[in-house]
Structure formats: C-alpha cells, structure tokens
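Here's a quick tour of the model, starting where the chains meet and moving on from there. Have the sequence and the structure open as you read.

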Amino acid sequence: MSFSRRKIAAAVAGAATFALVVSGCAADGGESSDDVTLTLATFNDFGYSDELLAQFTEETGIEVVHNKAATSNDARANYFQKLGKSGLADVEAVEIDWFTEAMQYADLLAPVPTDLQGRWLDWKEASATDSEGNLIAYGTDIGPQGVCYRADLFEAAGLPTDRAEVAALFDGDWDNFFSIGADYTAATGKPFIDSANSVLQGMVNQLDIAYEETDGTIVATENADIAAAYDAVVEKAVPISAYAGQWSEDWFASLSSGEFATMLCPGWMLGVISGNAPDVAGWDIADAFPGGGGNWGGSYLTVPANGANVEAAQQLAAWLTSPEVQMQAFANAGTFPSQVEALASDELAAATNEYFNDAPTGEILTSRAEAITVATFKGPQYFQFHDALQNAVTRVFDGLEDKDTSWNTWVTEVSAF
Amino acid sequence: MSAATSKDAPGVRVLSFSNKLSRWDLKISPYLYISPFFIMFAIVGLFPIAYTAVISFMDWDLVRNSGEFIGFDQYIWILQQPHFWTALRNTFSIFLLSTVPQLILAIFIAAMLDRNIRGKTFWRMGVLLPFVVAPVAVGLIFNVVFADNFGLVNGMLTDLGLDGIPWHKDPFWSHIAIATMVNYRWTGYNTLILLAAMQAVNREYYEAATVDGAGPLRQFTSITLPSLKPTLIFVIITSTIGGLQIFDEPRVFDQFGRGGAGQQWLTITLYLYDIGWGQWNFGRAAALAWILFIIILLIGLINLLITRTLVRDEGSRGIEKPRRLKKKKELAR
C-alpha cells in the first residue's frame, strides 16, 4: 500500500520537477539592479576591441559584455525576433541594408539625445530620422567607394598605372567606365571587374529613389532609373565581369589568384581584398568613382526602449560613436567614420595602407565621402526588391534567360510582394 | 459496541480507499510513466503546430506579436506563386535523386557487410562515419567539390579537355550535386538499419537454399530482399519525410542560400524560410508550413497504401509468419 503511494508521490514529484525545469527556462535573464552591466551586440568587426571597451569601464565604472554575431544576417534575424519583447542587448548594432526595416519600429527604440544631433554627416542622420523628427540611431561607419585596380594588370593592358592618372581615367560616367572595361577585356580576354551585381549596387546607391517612394508608394517596376541601371548592367557590365555576384566559392578563388583587374571599393572592402589575396601584388586604389560618389554599407547603433538600463545604454552608444572612439575603431578594423569631426581629423588624413601600394586611404576615402551627394531612399522592402533584381542580372549572366525575359520575370516576381 | 463499530468503520473505509488507490495505481501509473513524452510533445510539438495554424490565417507582425484575421488569403497567395511550384518540383526531384540511388547503394553495401568479412566493426563504423559530420560541414566540403570554375570535379573535367558542368546554373545538375550531399550523409545510416534487418533473417534459410543449389544472387533475390521488405518500408517512409523537408544542403549550396537566381534549387522549406525570415512574413510562412504538412501527410498515406499491398503480397511467400510480419509493419509505421 505505502509502496504504491510512494510510487504516485514519486511520479507527482517527477512531474513537478519537470514543470520547474520547463518554467525555469523562461524565468532566467533577470537583471541585477545594483552593478550595471551593459550588453553590446554587433556583427562582423566593428573595431570594438576589448581594450577599447575597457576604457569605457574605466571612465564610467560600467562593465560591458560584447556579443558578436558572425554575420549581419544572423544579427538581423535575432534583432527582429526579439525587438519589442525581451532578450535584446542594451545596445544593438543595425546594418544599413536592413536599417529601414528597423525604422518601422522606431517607437520601440530610445531616441538619440538632441544635443548629439549634428555629430554625423547630414545624410547619415537623415536616414535615421523618423517621421516625427526624432533621430533614433547612432551612426558608426559609412562606406564611401573608390575604385580598386591592379596596377600590374593595367600596365600589361597599356592603361595608366599611377593613382592620379587612373583617377583621371575613371573620372566620368558609367559609360566611360564600361568602355574602358570593354577595351580591356577585348585586348586581354580577361574580365575587367569582379562582379556585375556590384556594379548594379554601385548604380542603385546613386539614385534618390530606388524601389519605394518616401511615402511608401512602390515604384520598383515603373522607375525609369532602375530600368536604365538594369539595362546598363546587363548590356555593358555583364560582358566585362568575372562573376554575377560576390562572395561565392569561385569568386574568392578568383580574388586570391588575381583574375580580375578592378573592384568597386568601399573602405571595408580593402580589408576583404588584402585578407583574401595576400599573395597578389599590384592592388591600388584610385580617388574616383563612376557617376559621382557612392556609399555602400555602414551601420548604426540602436538602444531598444524597453531595455533594463536605457540611460546607461545611451551613454555607451554615444561614447562608442564619438569621433575619438570611432577613430580607434577605424584603426582597429578600417570602419570609416561617419562623424563630421572624425572626418576632419589629422589622424584620418594621415592613414595609409601598405598593401595598396602605400595609398593614402584616409585621404582618398575622405574625398570619396565628400563626393557623396545622395542617400538612396531604401524602404522597408528594399532588400527584397534589390535581391530579386540581382537574381535577374544573375539569370542573364548565367545564360538562363535573355535580358527582356529576365526583366519580365522580375516584374512578375515583385508584383507578388 | 457502538464505539467498536465506529472504530472499525473508518478502518474498512481506509482499506477500500487503498484498494481503490492500488487499482488506480495499476490503471494510471503506466500513463504517468509515459506522460513526460506526451507533455513534452504537447509543449514543443502540438502547441507550435496549432499556433502555426492560427498564424496562417492572420497577417502577422512578428515584432509587435499581433495580427489581423484574413482567412485563406495567404494559402491562395502561396498556391499562386510560381516559386512554390518550382520549389515543389525541385523538392521531389532532389528527393528522388537522393532516395533511389541511396537505397540501392545501401542494400548493396549492407549485403556486402552481411558476409563474413574481417574487421566487421571497423567497416560498420566506417559506413556510419559520414553521418556524424554536420550537414553544414558537408555542404562546405562539397562546395569545394562542386564549384563551377575552380571546383574539384570541373577541374578534373577541364583537365580531360571536357566542358565543366554548370552545377549552379542548370537545375538538374544542381539537384545532382545536392542529392550527392544527402547521399553522402544518409547512405551509411540506412545501410546499418538494413544490415540489422539482414542479420535477423534465419540463417537456416540460406543453408537450405545452398543445399538446394541456389547461388548467392538467387539467395539474395529470393531470401534477403523479401525479408527486408518491412524494414525497407520503414526506411522509405523516414527518408520520404526527411527528403520533403530538405533544407541544410540546398541552403549552403551557394553563398546566398536562397535557392539560386532562377530558383534552380529552391526547395519548399528553403522557400518557407525565405518568406518567414527573409521577408518577415510569418503569416504566409505559416500557411506554407501547413501546405507542406498536408503534402507530407498525403505522401505518407500513399506510402501506407503501397505498403499494405506489398506486405500482403509478401505474406504468401511463407518466409516469415504473418503475425510477426504484422508486428514489424506496425513498427515500420
């Protein structure tokens, strides 16, 4: 009798333990209120080294725990799954490509204190300002683009090799760039530029309006600029490109064996090239970009409004994006500053890059940043539209569909969004 | 007297209560013992399935955790998408290209391992080794093999003066490449299951067959294969479910993980992921999840029907007693 009772008791106890375990999973993550410890979430490499964060702890007594996601896509998935709920870090980094998606939830983010306004470039601040005029994100870096070229391959093809002469050569519109490329490919039989889709990216980043109007109207298929960019890329960039898109196994192999002669180069791309092609000599960067300036990439820091330590988090975000600290991050990881004061600093002007034939990269990229006149409006669906258009270019590149068919496929595809 | 009765009465009552208790114990305890699984299943299985069904009828905002009821719109939207039908074609194509060669190979290897060979454990562990490798790692390895320009296979082909295979351009070849990754991982697993079934076959049949003068091939087709049927059905059903849910291999097949520029290797789960986590449209993703659930259910039913006919037809061979077979059939389900 007592034996069976014990059995039941044991079963009940077991079930209770089980319930505890299950509920225990949901209950953790509480904050201790005495010593403030902030969490900071970034991805790739923002240049926020442990030493740099230790400086903040020294100044304020606030500990910072830094979590790095491997890619911006991982960070994006995490961000939107937890935004407005719980589990986000006190300070969260957001990449420009999915920044407009985050802007839809501007009310869930703590605004930047007004006294910090004016710290960043106008267009960097403009794209982080919500409909009520609140600045909701702290700019970190930007991606002003120059043209990287292989001086050795240029010499072999009879093109100028000197940085200033190459800049003069590329100074012009995209057609000028394409015709130089066509001559190069005709003469050498080798691809001129790494990928057709990076050209598309470069062209789209020079438009005021891409696929959506600022009021949310979708203009993707009617936008003549987009159609013109597509035509130009498919007709003129595809024949001179090594690949349709970047970051594939083959693309990396070509980069490290030095197959193509040019690449469109935002500041962060310099590290990609020198890191993946250590044995290729001859890379250099010219202070020019077809069709005017262009920005590719760059990030923001945001402070979720429902965090436990919003005020301290704002302090950390403001500190990390201050011109002085951003310059340290630039030294660590090459993230080019978006802060007006940092852009004017002597330190930046003096920066050079040994791998790129000792090019004055600081000076060149500053000049490229000044050439940027437009910040393309990227609506919440920008990522989808642009991805589908890149697929259209890839289909032509791969010979799956011709120019018009591929465009029509894109039109059908995007009208379903 | 009355005091004695009143003293006895609770005693009787206690006894009858414990009697009841022991009867309950007998009846309830088994259920309590197995309940953890079902409680767990209700939490991590049933609840998400039901919640998905709810979301599939709503225009859902993930961040704000709220939605608006819109009925079957999202199901209709999914069925109107050309991408859905491409994904369905790709899924079935990859499924067939992986399952069929895989099973043939698994049966062959299992038959080899079933023989008296030296170092049995070594070989058996050897075939299972690829299964231990994480699918994403398999993907990374095979990306080097199947790269279009600098891949191992195309490198060899161009050395021989042949044209490279358009692995990432042509749907068929991309399916072959992905099926190869799947086969690499799962052939060993299926081999071991089939090997276990082969070893359960009564050795006397083989002896009798040898006495009757049947060669190894005849023994294989007339004894081994028929005995394997129930196990084969289990293997086919599990690989059907696995094949229709294929995700990891096509996901890592290129750098974007979205099934190719022309949707050459877009599978249903990949499409689902893209709608859910790329476009943040959880309503549509939930609807697609339910469509996939129904497809798998249908295929499962077809499998069951085929299974029944196969097993009934097999019962007349008299190699296994029908009762035992029925048991195995239930196991196989």
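## Where A meets B

In this predicted model, chain A and chain B bury about 3300 Å² between them, and 58% of that area sits on carbon and sulfur atoms. In terms of contacts, 39 residues of chain A touch 38 residues of chain B.

On the polar side of things, the rule picks out 14 residue pairs in polar contact across the interface of chain A and chain B, both residues at pLDDT 80 or more. Which elements of chain A give two or more residues to the side that touches chain B? They are helix H1 (2-27), helix H3 (72-82), helix H11 (249-257) and helix H18 (382-397). The rule also finds two salt bridges across the interface. A:Asp387 forms a salt bridge with B:Arg258, and the closest N and O atoms there are 2.8 Å apart.

## Cores in chain A

Now for the nonpolar packing. The largest nonpolar core has 55 residues, and the ones with the most contacts inside it are A:Tyr79, A:Tyr138, A:Leu301 and A:Leu320. Helix H13 (residues 310-320) of chain A gives the largest share of this core, seven residues. There's also a second, separate core of 49 residues, with A:Val166, A:Ala229, A:Ala288 and A:Tyr382 among them.

Neighbours within four places in sequence aside, its contacts include A:Phe46, A:Tyr48, A:Val91 and A:Ala137. A:Tyr138 and A:Leu320 are also in contact with A:Leu301, and both are listed with it among the core residues with the most contacts.

## A helix start and a glycine in chain B

Over in chain B, have a look at helix H8 (residues 203-211). At its start, a side-chain oxygen of B:Asn202 reaches to within 3.1 Å of the backbone nitrogen of B:Glu204. Just after H8 of chain B, B:Gly213 takes a positive phi of about 90°.

## A proline in a loop

B:Pro166 lies in the loop between helix H6 (152-159) and helix H7 (171-199) of chain B. Is B:Pro166 buried or partly exposed? Its relative accessible area is 30%, so B:Pro166 counts as partly exposed.

Leaving out neighbours within four places in sequence, B:Pro166 is in contact with B:Asp148 and B:Trp173. As for B:Asn19, 147 residues away along the chain, its C-alpha atom is separated from that of B:Pro166 by 75 Å.

Terms used:
Residues are numbered from 1 along each chain as its sequence is written. Chains are lettered from A and ligands numbered from 1 in the order in which they are written. This is a predicted model: local features need pLDDT of at least 70, side-chain atom pairs count only at pLDDT 80 or more; totals for chains, interfaces and linings use all residues. Side-chain values use heavy atoms; hydrogens and water are left out. A nonpolar core is a set of buried Ala, Val, Leu, Ile, Met, Phe, Trp, Tyr and Cys residues joined through side-chain atoms within 4.5 Å. Buried means under 20% relative accessible area, exposed over 50%, partly exposed in between (1.4 Å probe, protein chains only). Helices (H or I, at least four residues) and strands (E, at least two) are DSSP runs, numbered from the N terminus. Contact means heavy atoms within 4.5 Å. A polar contact is a pair of N or O atoms within 3.5 Å; within protein, one must be able to donate a hydrogen and the other to accept it, and residues adjacent in sequence count only if both atoms are side-chain atoms. Buried area is the accessible area (1.4 Å probe) that two parts lose on being put together, summed over both. A salt bridge is a side-chain nitrogen of Lys or Arg within 4 Å of a carboxyl oxygen of Asp or Glu.
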